[in-house]
Amino acid sequence: MTEPLLDAHRLVKRFGEFTAVNGIDVQVQPGEAFGFLGPNGAGKSSTMRMIACVSAPTEGSLRMFGLDAATHGAAIRARIGVVPQLDTLDTELSVQENLWLYGRFFDLPRAESKRRTKELLEFAQLSERADSIVDNLSGGMKRRLSIARSLINEPELLLLDEPTTGLDPQARHVLWDRLYRLKQQGVTLVLTTHYMDEAEQLCDRLVVMDQGRIVAEGSPRSLIEQYATREVLELRFAAGTNDQQSALLSGIGQRQEVLPDRVLVYADDGEGALVQAHDRGARPESALVRRASLEDVFLLLTGRSLVD
Amino acid sequence: MSNVTPRPFTGPLRVAEWHLLLYRRFWRMNVMSSFLQPMLYLLGLGVGVGSLVDANTSSTDTLGGVSYVAYVAPGLLVTTAMALCAAESMWPVMGGLKWQRSYHGFATTPLTATDIVLGHGLWMAVRGGTAAAAVSVALALFPETRSWGLIPTVFVAALVGIAFAMPIMAFSIDAEMDGGFAALQRFFIIPLFLFGGAFYPITQLPTVVQWLAKFPPLWHGVVVARGFTTGNVDWPGTAGHLAYVCLWIAVGTVVSVRRLRRKLYP
């Protein structure tokens with residue numbers, strides 16, 4: 001077996017009294033697309049900052065490319081690309097200036113940095129905006145520029161912290177397409193997200209984090225098979241009657257979840273569960289049977305919805 | 001995929017290169033203000049106040065036997081660099097950490113906190129030096145202030161500029177809000193401008209104020225600069241003053257690096 005590109009063992013990060021990451025073990029193989037899933041405050045970003053070698057682990061060991069992250073920070077940073085949660089673009093400079101100047105920070109010769117800039121403008125579909133000042137770009141364009149910039153050193157590993165948060169659906173799909181292409185080129189991707197569809201689209205393997213710990217690990221499909229039923233029945237009741245109505249449902253399916261706006265019934269046969277609910281006198285305003293998703297796995301594991 | 005192994009010691013140059021690219025958009029505005037302002041002071045004080053001062057022979061003795069314009073000129077050169085480098089180490093540094101967050105962008109490259117701080121210092125040397133050079137070109141136009149001593153004075157001004165830039169950078173890195181900057185300007189930079197020996201010998205001031213004026217690097221730089229432009233260089237004194245200015249640079253740099261490392265690499 002090849003040496004993992006990223007190998008974290010009992011990784012801990014504390015800020016004073018607060019423990020952000022509480023002893024996690026993670027291995028990522030070259031070429032993999034790996035995701036950290038979790039609600040806000042689960043420790044995803046702190047983990048990402050340690051992997052990016054901008055934050056030293058409080059305890060545990062972190063090896064990347066076979067190097068110790070505690071002692072080889074700058075050498076590791078030279079080989080990775082980072083797309084931070086908040087853009088760090090120079091908003092007063094043009095799109096292409098942002099790119100080639102960033103290449104200079106990796107000590108690329110000026111001509112080489114400008115050559116790569118041209119390629120990356122193509123890749124990020126920003127060639128026509130090469131001379132625009134970054135301030136005037138849309139949110140999706142800025143995000144694409146951030147990704148392009150993170151690729152200027154031709155990284156072996158790309159870290160993306162909530163890459164599509166705040167983007168509209170079209171912009172997200174364009175971005176996913178670009179990330180998928182990178183993956184096909186053999187770039188290892190490690191990303192955090194709290195969007196289930198993003199994780200299902202992009203990740204070969206993922207971990208679910210909650211309160212600084214890893215609570216589940218596997219491929220999106222295997223996690224759904226392991227933690228959720230085949231189908232889910234979603235019932236919406238008249239406002240304020242959720243608790244009262246859901247009492248009628250006890251025993252139907254394998255498990256139920258009462259959310260503020262709807263009640264979920266986990267059952268392998270969703271239609272059957274709906275018939276049972278009607279028989280008991282439940283009168284939902286609407287009912288929907290769907291396949292179980294990562295969102296359901298998440299609800300089960302952490303007891304709350306992802307975007308809170 | 002190819003790899004680039006970072007060469008050592010190029011980091012500060014890369015950071016200075018970034019400053020230069022950003023500056024290209026603003027330089028016209030900047031050069032005008034950093035050149036015009038000292039010129040206005042020179043005309044207003046040198047010609048206006050100077051005609052009164054020079055009419056009094058005992059004043060000329062106090063000034064060391066030179067005209068008031070010649071006395072004030074090196075002070076303007078050094079205070080120009082001070083004011084510019086001080087301001088450029090306030091809002092822009094906070095912007096790098098909090099607003100544009102460019103420093104956080106640097107942090108994910110092989111650049112280190114030391115590179116960012118030294119790069120800032122290097123850039124301040126360039127900015128302070130060019131501003132002082134512009135003023136010295138103007139001074140060379142007037143017979144009374146024309147002197148070869150203006151050349152070393154530009155370097156002294158740049159050095160004083162860095163001596164303000166580095167400690168103020170350390171302050172700005174840890175500042176939570178930009179309100180402190182206005183206070184720093186009003187209660188530190190402007191009083192130094194008035195009481196730091198640029199416009200009259202600080203021996204005219206009460207002893208306590210003299211000691212306060214001698215603590216920051218400005219007065220030391222002004223004394224050295226004036227030695228060069230008036231041709232009365234006291235070499236051991238000059239060495240002592242410059243060493244003191246360098247001490248401010250060293251302390252400011254060390255504290256800045258330590259603070260920035262804590263901010264960028266928590």
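I'll go from the overall layout to one strand, then to the core and the interface.

First, ground rules. This is a predicted model: local features need pLDDT of at least 70, side-chain atom pairs count only at pLDDT 80 or more, and totals for chains, interfaces and linings use all residues. Residues are numbered from 1 along each chain as its sequence is written, while chains are lettered from A and ligands numbered from 1 in the order in which they are written.

Start with chain A as a whole. Its C-alpha trace spans about 75 × 45 × 40 Å along the principal axes. Chain A holds 11 helices and 14 strands. Those are DSSP runs, numbered from the N terminus: helices are H or I with at least four residues, strands are E with at least two.

Chain A splits into domain 1 (6–219) and domain 2 (229–292). The bounds come from an automatic or database domain assignment. Taken over C-alpha atoms, the two domain centres are 39 Å apart.

How much of chain A is buried? Of its 308 residues, 48% count as buried. Buried means 20 or more other C-beta atoms within 10 Å of the residue's own; exposed means 12 or fewer; partly exposed is in between; C-beta atoms are placed from the backbone.

Now a sheet. Four strands of chain A form an open sheet in the order 2-1-4-5, with antiparallel pairing. Strand 2 (18–28) and strand 5 (67–68) of chain A are at the edges with a single partner strand each, so one side of each has no neighbour in the sheet. Strands pair if DSSP finds at least two bridges between them. Strand 1 (residues 6–15) and strand 4 (residues 59–64) of chain A are antiparallel and joined by five bridges. There, Asp7(A) has Arg63(A) as its bridge partner.

Next, strand 13 of chain A, residues 263–267. How many of its residues are buried? Five of its five. Side chains in a regular strand alternate between the two faces of the sheet. In strand 13 of chain A, one side carries Val263(A), Val265(A) and Ala267(A), the other Leu264(A) and Tyr266(A), and both faces are covered.

Who are its partners? Strand 11 (residues 231–236) of chain A runs antiparallel to strand 13, with five bridges. Glu234(A) is opposite Leu264(A). Strand 12 (residues 255–258) of chain A is also antiparallel to strand 13, with four bridges. Here Val258(A) is opposite Val263(A). A hairpin of four residues links strand 12 to strand 13 in chain A.

On to the core. A nonpolar core is a set of buried Ala, Val, Leu, Ile, Met, Phe, Trp, Tyr and Cys residues joined through C-beta atoms within 7 Å. The largest one has 162 residues, and Leu159(A) and Val160(B) have the most contacts inside it. Helix 8 (residues 150–174) of chain B gives the largest share, 17 residues.

What does Leu159(A) touch? Leaving out residues up to four places away in sequence, its contacts include Met48(A), Ile51(A), Ile80(A) and Val190(A). Contact means C-beta atoms, placed from the backbone, within 7 Å.

Last, the interface. 26 residues of chain A contact 29 residues of chain B. On the chain A side, helix 2 (73–77) and helix 3 (95–105) each supply at least two residues. Helix 3 of chain A brings the largest share, four residues. That's my tour.

Key. Contact = placed C-beta atoms within 7 Å.
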